[in-house]
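Good morning, and thank you for coming.

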Amino acid sequence: MVDMSNPTYRGFWIRLLAAILDSIIIGVPAGLIQFGLILGTGIKSLGYIVQLAAVVLIIYLDGIKGGTPGKLILGMRIVNEKGEFIGIPMAILRYIGKILSGIILGIGYFMIGFTSKKQGLHDMIAKTYVVKV
Amino acid sequence: MVDIKKDFGDSINLLKKNKKIVLPILLSLIITLFLIYLFLSLSGLLPLLKELISLDKEFEKQKMEYLTAKENIGRENYTMELVSYLGKSSEKSKYNSDFAAYLKQRGYDWGRFKVLLNMKNITLLALFLLVSFIISLYLSSMYFAAIAIAIKKEEMSIGNMLRKANSFVLRLLSLKIIMWALVIAPLIICSLNMGLFAALSPQNKALLILLVVLFILLFVAYIIYLSIKLFFAVPSIYIEKEGAFASIKRSFSMTKNNLKYVVLVFLLVYCINYFIGTFMSQPLFETYINFILGSGIITKSVNFLLVILFLAIESVALAFTHIFRFYAYLDFKKA
């Protein structure tokens with residue numbers, strides 16, 4: 001649980017850095033596993049399982065651990081208004097919100113830099129905050 | 001104010017308590033896949049496609065053997081072959097033109113597909129599309145009815161689902177017909193007008209192209225507008241027990257106010273469907289095609305298990321999406 005009486009909200013650039021770290025920590029191994037499975041078995045559909053597993057992992061980490069490895073390394077957590085970790089249902093909503101943030105030309109992400117509580121559109125939809133711990 | 005977070009949570013809880021809602025959706029997907037297999041078998045396409053897939057695998061195996069052979073690394077065309085292989089999903093990739101040349105070399109006769117384009121198969125396709133539509137419509141009515149039953153906390157039994165589905169299926173069909181009419185009518189009118197313009201002023205090609213581009217943009221905007229305004233028509237039929245016209249009227253009225261939230265919920269549902277399409281529907285379809293066209297017991301067994309997995313996941317995800325739409329309807333009704 002995070003104390004929400006005077007939180008430090010994390011802004012656009014550090015969250016971008018966390019996303020870059022995640023693409024290395026999660027993305028690269030997932031890509032290698034996917035490539036290896038398809039190459040080794042010849043069953044292309046196994047690649048989809050790896051992609052789905054990566055999404056499930058991201059949702060699990062966001063909901064139960066407070067963030068993906070990039071956020072955890074940089075000392076950030078995803079919490080709700082009470083300072084608690086958001087749980088799986090809200091992590092799913094937040095993930096869907098991230099798709100929306102990206103689809104509208106990334107405006108949902110850029111909002112992080114301009115809102116008072118450093119929330120992206122996906123954070124506003126799921127009522128989450130990314131705070132420093 | 002509309003509470004999307006609460007609607008999302010309530011939708012998940014309702015689905016957890018009423019798992020039977022998934023059954024009609026699962027059945028709809030299974031029947032669709034079965035009809036695809038049946039059509040491919042009866043039309044004569046299945047053996048041709050199996051042969052094509054088999055040759056594709058042979059060609060890919062040859063390419064892989066070339067690329068993984070140590071003596072080939074460093075050869076003049078190795079990089080080009082590697083880039084071509086890695087980018088094979090792209091239409092412009094040299095891999096596809098190499099494959100076409102390979103097929104020609106192996107004597108694969110594309111003319112056999114033309115032979116299958118006969119009246120019998122066209123009639124068969126039309127029949128299958130009609131059967132698929134009727135079954136899909138009935139099962140859609142069944143799962144919308146199941147959602148309404150669950151929300152109203154009525155008896156969630158197969159019998160009750162069937163009764164409710166039967167009483168609303170014609171209203172759902174009427175709604176679909178009206179929706180198609182609203183889409184197709186402007187399309188036909190504008191196409192006729194542009195055809196007339198092209199016939200009367202054939203020299204004005206630049207203006208015609210401009211008109212076509214403008215028409216496409218306006219038509220897309222119109223479809224988006226219509227989709228948003230009709231967003232609550234289906235929940236209205238099953239919750240309020242209204243007819244097609246009344247549900248359309250109600251949906252238009254509800255989406256008049258709180259437009260910001262309506263658009264947001266609409267976009268969220270669109271994103272959920274995009275997610276389902278990317279991670280579930282497309283993998284399901286490709287895996288199923290690999291299962292019916294592939295060879296080898298192990299490969300077929302793995303593909304079969306993956307089909308079951310994707311079927312289950314997609315059914316649950318689709319059920320959730322529809323439930324969320326119903327809860328959004330109830331929330332907007334209160335607002």
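This is a predicted model: local features need pLDDT of at least 70, side-chain atom pairs count only at pLDDT 80 or more; totals for chains, interfaces and linings use all residues.

Let us start with the overall form of chain B. It has 13 helices and zero strands. The C-alpha trace of chain B spans about 70 × 60 × 45 Å along its principal axes. Of the 335 residues in chain B, 43% are buried. The accessible surface of chain B amounts to about 18,500 Å², and carbon and sulfur atoms account for 70% of it. As for contacts within chain B, if we take those between residues at least 6 apart in sequence, 75% join residues at least 24 apart.

We come now to the interface. How many residues of each chain take part? On one side there are 31 residues of chain B, and they are in contact with 25 residues of chain A. Between the two chains an area of about 2,500 Å² is buried, and carbon and sulfur atoms give 80% of that area. Within chain B, the residues that lose the most area to chain A are B:Lys5, B:Phe8 and B:Phe279; together they make up 25% of what that side buries.

Let us next consider charge at this interface. Side chains of opposite charge can pair when their charged atoms come close. Across the interface of chain B and chain A, the rule finds three salt bridges. Which parts of chain B form the side that touches chain A? Helix 1 (4-17), helix 3 (45-68), helix 12 (259-293) and helix 13 (297-334) of chain B each supply at least two residues. The largest share comes from helix 12 of chain B, with 14 residues. There are also three residue pairs in polar contact between the chains, counted with both residues at pLDDT 80 or more.

I shall take the salt bridges in turn. In one of them, A:Lys44 pairs with B:Glu60, and the closest N and O atoms are 3.7 Å apart. B:Glu60 is located in helix 3 of chain B. Is B:Glu60 buried or exposed? Its relative accessible area is 15%, so B:Glu60 counts as buried. Apart from residues up to four places away in sequence, B:Glu60 touches A:Lys44, B:Tyr85, B:Lys88 and B:Tyr95.

Another salt bridge links B:Lys5 with A:Glu81, where the closest N and O atoms are 3.8 Å apart. B:Lys5 belongs to helix 1 of chain B, while A:Glu81 lies in the loop between strand 1 (76-79) and helix 4 (87-103) of chain A, so this pair joins two chains. B:Lys5 is buried, at a relative accessible area of 18%, whereas A:Glu81 is partly exposed, at 42%.

A further salt bridge is formed by B:Asp3 and A:Lys127, at 3.4 Å from N to O. This pair, too, crosses between chains: B:Asp3 is in the segment before helix 1 of chain B, and A:Lys127 is in the loop between helix 6 (121-126) and strand 2 (129-132) of chain A. B:Asp3 is partly exposed, with a relative accessible area of 23%, and A:Lys127 is partly exposed as well, with 30%.

Salt bridges are also found within a chain. In chain B, the side chains of B:Glu81 and B:Lys94 meet at 3.8 Å, N to O. The two residues are 13 apart, with B:Glu81 in helix 4 (residues 78-86) and B:Lys94 in helix 5 (residues 94-105) of chain B. B:Glu81 is buried, at 12% relative accessible area, while B:Lys94 is partly exposed, at 31%. In chain A, salt bridges with shared partners join A:Arg15, A:Asp62, A:Arg94 and A:Asp123 into one network.

A nonpolar patch on the surface has about 810 Å² of accessible area, and its members include A:Trp13, A:Val28 and A:Ile73. Helix 1 (residues 12-41) of chain A gives the most to this patch, with seven residues. A:Val28 lies in that helix and is partly exposed, at 44% relative accessibility.

By contrast, A:Leu61, in helix 2 (residues 45-65) of chain A, is buried, with a relative accessible area of 14%. Beyond its neighbours within four places in sequence, A:Leu61 contacts A:Ile26, A:Gly66, A:Gly67, A:Thr68 and A:Pro69.

Methods
Residues are numbered from 1 along each chain as its sequence is written. Chains are lettered from A and ligands numbered from 1 in the order in which they are written. Side-chain values use heavy atoms; hydrogens and water are left out. Patches are made of residues with over 30% relative accessible area and no salt bridge: like charges are joined within 9 Å, nonpolar side chains (Val, Leu, Ile, Met, Phe, Trp, Tyr) within 5 Å. Accessible areas come from the Shrake-Rupley method with a 1.4 Å probe; for residues, only the protein chains shown count as cover. A salt bridge is a side-chain nitrogen of Lys or Arg within 4 Å of a carboxyl oxygen of Asp or Glu. Helices (H or I, at least four residues) and strands (E, at least two) are DSSP runs, numbered from the N terminus. Buried means under 20% relative accessible area, exposed over 50%, partly exposed in between (1.4 Å probe, protein chains only). Contact means heavy atoms within 4.5 Å. Buried area is the accessible area (1.4 Å probe) that two parts lose on being put together, summed over both. A polar contact is a pair of N or O atoms within 3.5 Å; within protein, one must be able to donate a hydrogen and the other to accept it, and residues adjacent in sequence count only if both atoms are side-chain atoms.
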